[in-house]
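Good morning, and thank you for making time for this presentation. Please have the sequence and the structure open as I speak.

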Amino acid sequence: MKNIIKKIRDYTKTHIGVSVTLSVIVLLLTAMLILQSYVKNQYFDYLLEQTDRTERAVLDSSTTNINNMLQDIVETGCSIAVDSTLRNTVKTAKELEGARARKEFMLKEQLSLMTHYSNNIAAVAIVNEDGLLQEYGRYWAASGYANLWTGESLETLQNLYKDVMELLDSSSSIRYCVSEEPFEHESMPKARLFHLALPLVGRSSNWSAVTDVVVVTFRLDSIVSDSMQIGYVTGREGTILYHEDEQFQNISAEEYLAQRPEYIDISRDLDYFNWTAHITIDTEGMHERVNQMYQGSILLYLFLLFVCGIIWQFALQKILRPVGEIREAMHDIRLGSPRKKIEIKGSHEIWQLASDYNSMLDSLHQQQEEIDRHYREKTMSIKQKNRAEREALESQINAHFLCNTLTAINYNAIEAGNYEVATLLKKMSSMLAYSFSKGYTSITLGQEIKWVEEYLYLQKFRLMEVFDYRIEFPSEYSEWPSCKLFLQPFVENSILHGFEGRESGGLIVIKGCPDGKRFKISISDNGCGMEPGISSLIQQVLGEPHVLELNGCGIGIQNAVTRLRMYFGKELSITLETAPGEGTCFTFWLPLGEHPGEDFSE
């Protein structure tokens, strides 16, 4: 350990770069701490401003929602107060002499209906100058719990009655009173209640005849929790009526905020009951989050500073000049400038590196030339090989077809006379010239269709009534380039296999039409179709990009497909539709070039 410390001390003394690096690190660290402190305070102010703006917008939205809910509460209470059935029931119950049980039953039954005016109603009570007439609690009436209005709460109920009657005498536009006590019921310790007292007028407009007051108890917690996203609500006396945390409910807002001096309180007065909605901003929590973020950034900065110090130390050596020249040379190469060697001006290791760079540049230049030459030769070889393979495949003509055709012409010359023989010989001559012509390695769709038509004419003559044919081809596509002799194997398949054993009624239809950026050609027959095994093998030939071993089955079709792939490339598509007894249909989608003269074989 002592030896390591000694070596470090000696290295520091003999290398000025170490002192310079340490000085720079100290300066950067001091600047960073000053800057971090300033930025942190600025960011906190910005975050506080944005949070305040956001919370005020949230509070405005929550206040609007609560006002709407409280408006519904007032309207619900008014609906109960003007319910003529309730007023008549109360009147009838008071007029009954004796039969107390019957009175209570009548009133409870009607009050039970009133509690279902809204999901937020907890209880409904009727009170007059003599006190509580009847009460019905929606959640506790049938559970054996005591009534809400008992004991000391009866005094609150009587005060509500007096306040409502005073409002009627004063002809005030507001004829209801609100009480926040009692705050809860023993059956629902977590539910927060408030009470809306209104004169029971029914359908009458005679306020002087009112003798009873209906007190509707609502659940404050369900109303506020559905309307506010965060915060709390205080009542007329500043007591917290609702808070997300139940432990703060029913204490004064001043006491709540005194325990949290770091909170910023934002409030909005509600439109009803002299209540106020509040939202608080926890500045201490914001400070903690900002500090955590900047502590992490300081650690990252220290790490980067350490790394940069090491790099700086190595960069202060005299090697900077040759390294710079190497960098400039590499920059020129990256920009595509002509390759430039570095001028060697020294003999130490870095200049030797520059010399090696020059040697590497020469080697890379030679390798690039060799790669370019090899690529050109390989490309030419592939083109020549593809062209040779295509021409070799195109030269394969079905020998038995030529023999059978010539035999038919010979028999016709003996039995029929010269005119038909002349016609047959002319078509045969044209076909042979088209098939064996080396100059037609790339032909047009019109030439290919014409050749197939002559082929079908001869086969039709040979087989007579076995089949007929029809060709539908748009003449405007006659000059588009095509692969040579690709239709014949598929037509021959229909004649030899599709109509095998048939004496008449066969039909071959060849159709051509444009299909988007490709040209569609279909060859269909009404023959016997293919067996599943043969159909599966042909499907493999159509979909497999590599040559398959077919063991003599479908060689002509495979050759045609191979030549089509070599000519048209990946955009070529071929499909087969067949079933035993339902005929066969081959469909080709040939890519179209930008103009009719474009040759895909190039």
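Is Lys94 buried, partly exposed or exposed? In this predicted model, Lys94 has a relative accessible area of 36%, so the residue counts as partly exposed. Its side chain meets that of Asp212 in a salt bridge, with 2.9 Å from N to O. Lys94 belongs to helix H3, residues 84–95, whereas Asp212 sits in the loop between strand S4 (193–199) and S5; the pair therefore ties together parts that are 118 residues apart in sequence. Asp212, for its part, counts as buried, because its relative accessibility is 7% and the limit for buried is under 20%.

Let me turn to the other salt bridges. The count comes to eight. One of them joins Glu180 and Arg236, whose closest N and O atoms are 3.9 Å apart. This pair, too, links distant parts of the chain: Glu180 is in the loop between strand S3 (177–179) and S4, Arg236 is in the loop between S6 and S7, and the two are 56 residues apart. Glu180 is buried at 12% relative accessibility, while Arg236 is partly exposed at 44%. A further salt bridge is formed by Asp221 and Arg219, with 2.8 Å between the closest N and O atoms. Asp221 is buried, at 13% relative accessibility.

Next, strand S5, which spans residues 213–219 and includes Thr217. Thr217 has 0% relative accessibility and so counts as buried. Beyond its neighbours within four places in sequence, Thr217 has contacts that include Asn120, Ile121, Leu148, Trp149, Phe194 and His195.

I now come to the sheet. Four strands form an open sheet in the order S7-S6-S9-S8, with antiparallel pairing. Strand S7 (240–243) and strand S8 (263–269) are the edge strands, each pairing on one side only. From one strand to the next, the twist averages 25°. Within this sheet, strand S6 (residues 232–234) and strand S9 (residues 276–282) pair over three bridges, and Tyr232 stands opposite His278 in S9.

On the surface, there is a nonpolar patch made up of Leu300, Phe303, Leu304, Phe306, Val307, Ile310 and Ile311, with about 670 Å² of accessible area together. Phe306 lies in helix H8, residues 283–315, and is exposed, with a relative accessible area of 54%.

Finally, the chain as a whole. It has 16 helices and 16 strands, and 39% of its 602 residues count as buried. Among contacts between residues at least 6 apart in sequence, 64% join residues at least 24 apart. The chain exposes about 34,700 Å², of which carbon and sulfur atoms supply 53%.

Notes. Residues are numbered from 1 along each chain as its sequence is written. This is a predicted model: local features need pLDDT of at least 70, side-chain atom pairs count only at pLDDT 80 or more; totals for chains, interfaces and linings use all residues. Side-chain values use heavy atoms; hydrogens and water are left out. Buried means under 20% relative accessible area, exposed over 50%, partly exposed in between (1.4 Å probe, protein chains only). Contact means heavy atoms within 4.5 Å. Two strands pair if DSSP finds at least two bridges between them. Axes are lines fitted to C-alpha atoms, for helices over the stretch in contact, and angles run from 0 to 180 degrees between N-to-C directions. Accessible areas come from the Shrake-Rupley method with a 1.4 Å probe; for residues, only the protein chains shown count as cover. Patches are made of residues with over 30% relative accessible area and no salt bridge: like charges are joined within 9 Å, nonpolar side chains (Val, Leu, Ile, Met, Phe, Trp, Tyr) within 5 Å. A salt bridge is a side-chain nitrogen of Lys or Arg within 4 Å of a carboxyl oxygen of Asp or Glu.
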